[in-house]
Amino acid sequence: MKRMVCALLSLLLLTGCAYSTDGADGAEADPEAAESSTEYLEAMDTYMTLTAYGSNREAALEDACEEIRRLEALLSTSSASSEVYALNQTGSGVLSDDTAALLEYALELYDSTGGVFDITVYPLMELWGFTTQDYQVPTAEALEATLALVGSDRLTYDSETQALTLGEGQAIDFGGIAKGYTSQRVMELFLEAGVTSAMVSLGGNIHCLGTKPDGSLWRIGIQDPAGDEGDIAAIVSVADQAVITSGGYQRFFQDEDTGETYHHIIDPATGCPAKSGLSSVSIVTGDGALGDGLSTALYIMGLEEATAYWQAHSTLFQAIFIDDEGAIYVTEGIADAVTADAGFTVLTAE
């Protein structure tokens, strides 16, 4: 019933297990520089792959996996021992540093996107069944009542004490930003361990540290939303960047009575799956949390509004948009780094 984005397959196809280190800086001085280790784990409701190169890679990967588990335990909406679960049950609490950092990211994105990115949509996700996979199309009455709970402007937060109070009936979920924040933390741990070349895949989130050991760029495949799993619409070459994709093809269900398909990216203005004319949005940025949040927000906005948002914030990120007709649009800052068999239109900052 679902066709999940095949980020791992794209990773294997495009970065590969075989590469040349001829001419790689430092290759002769450090024979281990081109040796890799990989860890696989399931966390945050997705499959993750972490690959690091160099002499300290195994210790760095162990620390990274521990950090992912720690953040998952902190941010889960379903685990009774998590901080977010407790917040949703009690309606208030003093946040840990990580949760406070995520909340502040989320509130900044809420403001800059005009409310399009909103962590208080969690009751809507529950209503549609995306949190339990017990899918349903809600009645108009249920939708209206749940929409009344949505709005991050109803949250009361003191950045000095890190105390948060939710509005009555509200619940929050950092799922739209947590994996990007997590990949950012993994990169920091890698750098602290002396790793200078690595790639992690956290579901649809790919984050690269440095270049490949031979000095070449990482080549990241962008899933074709209309194709089969593993079909690639475009390739972007990056170093020290996250490439984070959101699309309606990633999680969805089909109504048995009408045959209509409903995806998981909810528009907080309507309470329904977004219908923006876009099938996929990929954000390229050095900030994983920013990229994670914006991939969702710009998908909801649609091409015209998303382009205007990028034009106003073009120093922070670049983007690849694929519309419902399969047309590809690439912001000018990465136009030279993108290849696509079908070609693409370059979006300019003016």
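The second largest pocket has a volume of about 520 Å³. A pocket is an open set of points on a 1 Å grid over the protein atoms alone, where a 1.4 Å probe fits and protein lies on both sides within 12 Å along at least five of seven lines; lining residues have an atom within 4 Å of a point. The volume is the space filled by probe spheres set on the points, with grid points joined across faces, edges and corners. The model is predicted: local features need pLDDT of at least 70 and side-chain atom pairs count only at pLDDT 80 or more, while totals for chains, interfaces and linings use all residues. Residues are numbered from 1 along each chain as its sequence is written, and side-chain values use heavy atoms, with hydrogens and water left out.

The lining of this second largest pocket consists of 31 residues, and His-263, Leu-278, Ser-279, Tyr-299 and Asp-324 lie nearest the centre. By class, 17 of the lining residues are nonpolar, seven polar and seven charged; Ala, Val, Leu, Ile, Met, Phe, Trp, Tyr, Cys and Pro count as nonpolar, Asp, Glu, Lys and Arg as charged, and the others, Gly among them, as polar. Strands β12 (261-263), β13 (278-285) and β14 (318-323) each supply at least two lining residues, and β12 gives the largest share, three residues. Strands here are DSSP runs of E with at least two residues, numbered from the N terminus.

Strand β2 (residues 46-53) has seven of its eight residues buried, where buried means under 20% relative accessible area, exposed over 50%, and partly exposed in between (1.4 Å probe, protein chains only). Two strands pair if DSSP finds at least two bridges between them.

| Strand pair | Bridges | Sense |
|---|---|---|
| β1 (residues 36-43) and β2 | eight bridges | antiparallel |
| β2 and β6 (residues 198-202) | five bridges | antiparallel |
| β9 (residues 232-238) and β16 | two bridges | antiparallel |

Leu-41 has Met-48 in β2 as its bridge partner, and Thr-49 stands opposite Ser-201 in β6. Two residues separate β1 from β2 in a hairpin, and Met-44 in the turn has a positive phi of about 55 degrees.

Elsewhere, three strands form an open sheet in the order β8-β9-β16, with antiparallel pairing. Its edge strands, β8 (218-223) and β16 (338-339), each pair on one side only. Val-236 stands opposite Val-338 in β16.

Thr-38 belongs to strand β1. Is Thr-38 buried or partly exposed? Its relative accessibility is 31%, so Thr-38 counts as partly exposed. Beyond neighbours within four places in sequence, Thr-38 is in contact with Thr-49, Leu-50, Thr-51 and Leu-61; contact means heavy atoms within 4.5 Å. The C-alpha atoms of Thr-38 and Leu-61 are separated by 7.7 Å, with the two residues 23 apart along the chain. A polar contact of 2.9 Å joins the side chains of Thr-38 and Thr-51. A polar contact is a pair of N or O atoms within 3.5 Å; within protein, one must be able to donate a hydrogen and the other to accept it, and residues adjacent in sequence count only if both atoms are side-chain atoms.

Asn-205 sits in strand β7 (residues 205-209). With a relative accessible area of 3%, Asn-205 is buried. Apart from neighbours within four places in sequence, the contacts of Asn-205 are Lys-179, Gly-180, Val-200, Val-243, Ile-244 and Asp-292.

Methods. Helix = DSSP H or I, 4+ residues; strand = E, 2+ residues; numbered from the N terminus.
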